[in-house]
Amino acid sequence: MKRITIIALLLLTFIVGCKKKEETQSITVTSDYIKDIVYFLASDELEGRNTGSVGIEKAATYIETKFKDYGVKPYFDTYRDNFKIDSLDAFNVVGFIEGSDPKLKDEVVIIGAHYDHIGRRAKPVEGDSIGNGANDNASGTSTVIAMAKYFAAKKNNKRSIMFALFSGEEMGLRGAKQLAERLKNENLKLYTMVNFEMLGVPFPDRDYQVFATGYDLSNMAEVLNKYAGNKLVGKSDEAAKFNLFKRSDNYAFYEHFKIAAQTISSCDLTNFDFYHHVDDEADIMDYNHMASTINNLFPAMEGMINAPTQEIKMNDE
């Protein structure tokens, strides 16, 4: 009888373990989940999230609450990386999940996006002066928040992950420059940096979902596609023509650490008419596209983060 009870307990433990494993393996985000985040960040209440404004304070508090709810810890003493832009008080929001591998956890992957936007425009358009910044860059911010939720639930990242939401991007990439310099001075061992920018609208005529800026500088796209199991990341000739590699928050990390640091986007401005416009509103984003893109990015990012050797390399190495 005792033997039967032990076997039954072992069987029950195995079934529960398998169920938990199945649940964590099937983590996805829904279009409604992404929509809720973007609608809040791009709401009129936040007045365009200009750095130094009441609106960006509300956005930062919202992100911090999400991190706390998911169990993502602050990287510094608090979630905020404070700095000054002239007389303005500015702050990045930085969360952290330590890696599980005794050796690989010393290497850090930064997943980032800027959460600020341009605030109010000087000249209203049909009475509207708020640059809500849904695509630019509530969409990228929602992607980082979704990534934080995913990895906090999975608890399987071998390398450590830093989730960085930057302010001051619209004032010259100031937040990213601040954090990159600070982390370099602290001798952070940065493995790679993946930045998300303008993911709210799809390409109608491409054979990939997103592109990587600086596509030819490293093998990042190739590695992400391998783990995604499809051509998730491609090359945008428009992005190359306008050198978008140097025009987003990835660039400061490339400059300071001399490693692959690239931006992932589904908008090279050929498929969106409202860049820095009051009509960059939450109600024109494609949330099915966003959810699909993020769900495809999950295994790609997970594979890259958990690779046993250094896969991500600059192409001149």
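A word on the ground rules. Residues are numbered from 1 along each chain as its sequence is written, and side-chain values use heavy atoms, with hydrogens and water left out. Because the model is predicted, local features need pLDDT of at least 70 and side-chain atom pairs count only at pLDDT 80 or more, while totals for chains, interfaces and linings use all residues.

Let's start with helix α6, residues 220-228. Helices here are DSSP runs of H or I with at least four residues, strands are runs of E with at least two, and both are numbered from the N terminus. Which residues of α6 are buried? They are Met220, Ala221, Val223, Leu224, Asn225 and Ala228, where buried means under 20% relative accessible area, exposed over 50% and partly exposed in between, with a 1.4 Å probe and protein chains only. These buried residues pack against β8 (190-196), β10 (233-234), β11 (261-265) and α9 (287-306). After α6 comes glycine 229, with a positive phi near 80°.

Next, please find asparagine 82 in strand β2, residues 80-85. Why does asparagine 82 count as exposed? Because its relative accessibility is 52%. Leaving aside residues up to four places away in sequence, asparagine 82 touches Ala90, Phe91 and Gln178; contact means heavy atoms within 4.5 Å. Glycine 175 is 93 residues from asparagine 82 in sequence, yet their C-alpha atoms are 9.1 Å apart.

Last stop, the lining of the largest pocket: seven nonpolar residues, six polar and five charged. Nonpolar covers Ala, Val, Leu, Ile, Met, Phe, Trp, Tyr, Cys and Pro, charged covers Asp, Glu, Lys and Arg, and the others, Gly among them, are polar.
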